[in-house]
Each structure stands twice: as structure tokens, then as C-alpha cells.
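Please load the model in your viewer and keep the selection panel open. The stops below go from helices to a sheet and back.

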Amino acid sequence: MAYQLLWADDEIELLNAHIIFLKAKGYDVTSVTNGLDAIEACRNNSFDLILLDENMPGLNGLETLEKIKEITPTTPVVMVTKSEEEDIMEQAIGSKIADYLIKPVNPNQILLSLKKNIHKKEIVAEKTNNAYQQNFVKLGMQISDSSSTEEWVEAYKRLVYWEIELENADKSMQEMLKTQFEEANAMYARFIKKNYLRWLTPGCTDKPLMSHDLMRERIFPLIDNGEKVFMVLIDNLRYDQWRVLSKEIGNDFIIEEEIYTGILPTATQYSRNAIFSGLMPAQIKSMYPNLWVDEEEDEGKNLNESMLIESQIARYRRRDTYSYNKVVSTNAADRYIDTINNLQDNNLNILVINFIDMLSHARTESLMVRELASTEAAYRSITRSWIRHSAIKRLFNYLASSNYTVVITTDHGSIHVKNAIKVIGDKNTNTNLRYKLGKSLGYNPKEVFEIKEPQKAMLPSPNISTSYIFATKNDFFAYPNNYNHYVSYYKDTFQHGGISLEEMLVPFITLRPKR
């Protein structure tokens, strides 16, 4: 079916050649000579785009535009005018026109405006499909050839780039990329199995930047350089979510982007405590036993973060002044921002934000949230909507006009789980779906990454025979008892704790205000 255009101009007879040109290109054009007829046409017909003369007798273009927007607010309107006055342009743009053309217009100008405003989505989708197809083999080779953390980071960035680019592409393209992502995670799991324990041995020269290194190697050097640091740790923030958040807050900052490797398990109790203490979990338990809470204990696992930060500052004999706060609601965020000026004298301010982690858990427990965040793209969209409409956007507006160096990071990411694998454990086995620890675990060793000697991974060992196992790819653990119910409940949820690109390769972003 041909696209329907409405062209309103009091000199429409002079535009006959343009109308013939557009009809030859396959468009149906309805022409009127005044604003009232244009409004009536919009009441009686549906148009894909409206070309509107700004200077018509009776109702002028801007007055007609206002009425048309009341009738059909989503139809793109292109203002056509002889006037180049800035005030007219601003009024038109303020009235949410789609485009602005100066008379005399030529046919190609009109055609370009139509392509931008009617065909943009399909043109972009087609070009994106073609570009991904051309890069498919190259990306596959990049995944196959990755043998270092740096190479895996680059491969992961390319996968995320195409995942976001293909959001509106053909389903077939999305399925091809999903398959590549799954293959990448399988190969990344093999890479971690081969290298993770080696990285934690003294003297390892190719260890990547990891959770327990962040404060010492990234935050303290900024402070030593005379910068005041505002560190925002967004729990459970994946790299793809950062990419969409950057579109909301990035315009006001100069951005330096880095990806670091989260420790195992990729769970808050381990990874965030490692960040704030500068120690691996077994070291925390050994050096500060009163600050570590074992899995089987009912006490909250992240109640001692401020004291862990203080212990790290003291251990390096630093004199940094700092604040630590955590917000779990909009009201708490508003109260924090209202008193933020009281923190200006500190070298380091740390704010933990739990929204994305809360969203992840709510998606598991609530059918409504699961429907809202049914896909990776929907999950990203909710994340973007949150930053756009929450008090946190106000925080970044404040930071953009401050003298802080802002750091955005996280403790771990999450993965969309699909495949259940069976595990057997006793009543003391932890409940996480992506990692288990216990003294009598039953599992298929080929399906997991197993660590039978936790001290080699610098992990606590509650019992002498404790071992850890980690799910890889998009697997999750399920018990044989009531297996089918368990699988149907947790399949297609977002989980963390195991080994995947999304969980382990997470953002560390440095922002400096442009002003």
C-alpha cells in the first residue's frame, strides 16, 4: 500500500511538479490550500506525513500545526517556509515538527525528508542486517581466537554492540546473534576454567584487573592526583545496561570506559565485599572475622561495607576522608541528594544503588515485572527509563556541574538463564541458582566449574570438605525434588553468581564533567 501524504500550501499549483515526482515514487498525495482544509483532511483521513506551509492566509502554519497535533499527535509534520528567521524556526521546532525545509525546495530535499521521517526505521534495520551479516564471520573468528582477557573484552563489546543495534532487526538476525553469544559464553567458560585459579597465584603477570584491585589501582590513584572522587556503585549493572545509561547521562561528561573482571562467585556477598575491602573473601574472613558472614548465617551479608572501606584505607595508611551511603528507594535517594552538599569536603564519597538488583529479583518473583522485562532489550529499556525518571538523574545533573571525578561501576552482572542442570545438596547448601557450596554436592563435573580446594580460589571454607561449583553459559541449578516446578519457575529469569561474559566482565566508568 502506498504511503499517504498531505501537502498544505496556498500556492499548491506551483508545486504540481513536486507532487507528480512524489506520485512517481509511489506516494499518494492529498493537496489542500489552507489550514482549515488541512485540519478537516486530518479528521477524515490517516496520513503518514504532512507537509505544511508556514505562511498561509487565515490559519498560518504554526496555528494549523497546533490543531493537527491535537488530532494526530504522532504523525510527522514537515514545515515548509520561505522564512529563514530564527524565531520562526524555534517556534516550529518547539511545536515538535519532524523537519524544516526552506523554499524553494527541490524534489530530492523532500524525498530525503520522507526517508528520514517515514522510512528511517526500515532503512536502518536493513542496513543493520546487512552490516551484521557482513561482520558475522569476522565476529565468529574474533570469539574463536580470544585467548586473553583483553581479547575477550573486545569480543564482548562487539557482541553487546550488535545486540543493541539489532533490537529492531529481523528475528533471524537476532537469533543468529543469540547463537553467537551462547557460543561465546561456552568458550569464555573454558577460558575461565583454564585461567582463574592461576590468576590468583602469587606472581601471576597476566592477571586482569579484578574486584579486589579496584580501590587500590583505580580509586586511590585518582585521589592521589588531587581529584575528589564520587563513586557510584550500581548493584548488578551489566555492560549493555551501562551503554543505554550512557545515552541518558553521557552528554554532560567526558567518558573513559573500562571493563574489569569480577571475582567468583559473581554475587554481592563476595564481589562487593572484595571491592570495598581490597581483599579476597577468604582474606576478609581471616583478617576481619567479625566483618564476614558465612552463607548459612541469617545475618545480612553486606551490612559491614562501610567498615570494610575503612579497613582498606587504614591498611594502606591513607588519611582519606570518605562517606558511604546506600539507597534502596526514590525517597531515600531524594533525601540523599538534598544533603549532598554536606559531603563536599571528603576525598571520596561512595553511593551504592540497589535498583537494578531489585529489578532482577522482582522479575523472578513477579509475573507483571517478568512481562515488562521479558527480553534483554526490555530489561535494558526499563533500566533506561529508571535513570531518566528517577532521582538518580538529578544526582548526575548535580555531579555534572561539580568538581568531582565520577566513577560508575558495579560488583557483578547477570545472565538470562535458560537451561536447568541437576544438583544434589544437603539442607545446608546455599540457595543461589548459579553457584553452590557444600560438603556433599552431587553434580555432573562436565556441566560445571568445580573448585574442590576453596583456598586456591581464596574463598572461605565453612567445612573441611566444602567445595564450590559454578554454572556456566545460561545454565542454572535445580534440585531433583519437584524438578519440573522448579525449572518452570526459574527458567527465563536473570540470575548471577556463575560464569558468563555478562556476569564477570563488568563496567568501570570514569566521568569528568565537561563544564
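The tour selects one element at a time and says what is there.

This is a predicted model, in which local features need pLDDT of at least 70 and side-chain atom pairs count only at pLDDT 80 or more, while totals for chains, interfaces and linings use all residues. Residues are numbered from 1 along each chain as its sequence is written, and side-chain values use heavy atoms, with hydrogens and water left out.

Select residues 35-44 and 61-71, helix 2 and helix 3. Helices (H or I, at least four residues) and strands (E, at least two) are DSSP runs, numbered from the N terminus. The two axes come within 10 Å and cross at roughly 10°; axes are lines fitted to C-alpha atoms, for helices over the stretch in contact, and angles run from 0 to 180 degrees between N-to-C directions. Helix 2 and helix 3 are therefore roughly parallel (angles under 35 degrees). Show side chains: Gly 35, Ala 38, Ile 39, Cys 42 and Arg 43 of helix 2 meet Thr 64, Lys 67, Ile 68 and Ile 71 of helix 3 (contact means heavy atoms within 4.5 Å).

Next, select the open sheet of six strands, ordered 7-18-10-6-9-8 with mixed pairing (two strands pair if DSSP finds at least two bridges between them). Strand 7 (253-261) and strand 8 (322-327) are at the edges, each with a single partner strand, so one side of each has no neighbour in the sheet. Strand 7 runs antiparallel to strand 18 (residues 505-513), joined by nine bridges; Glu 258 has Phe 508 in strand 18 as its bridge partner.

Notes
Parallel < 35°, antiparallel > 145°, perpendicular 65-115°, else oblique.
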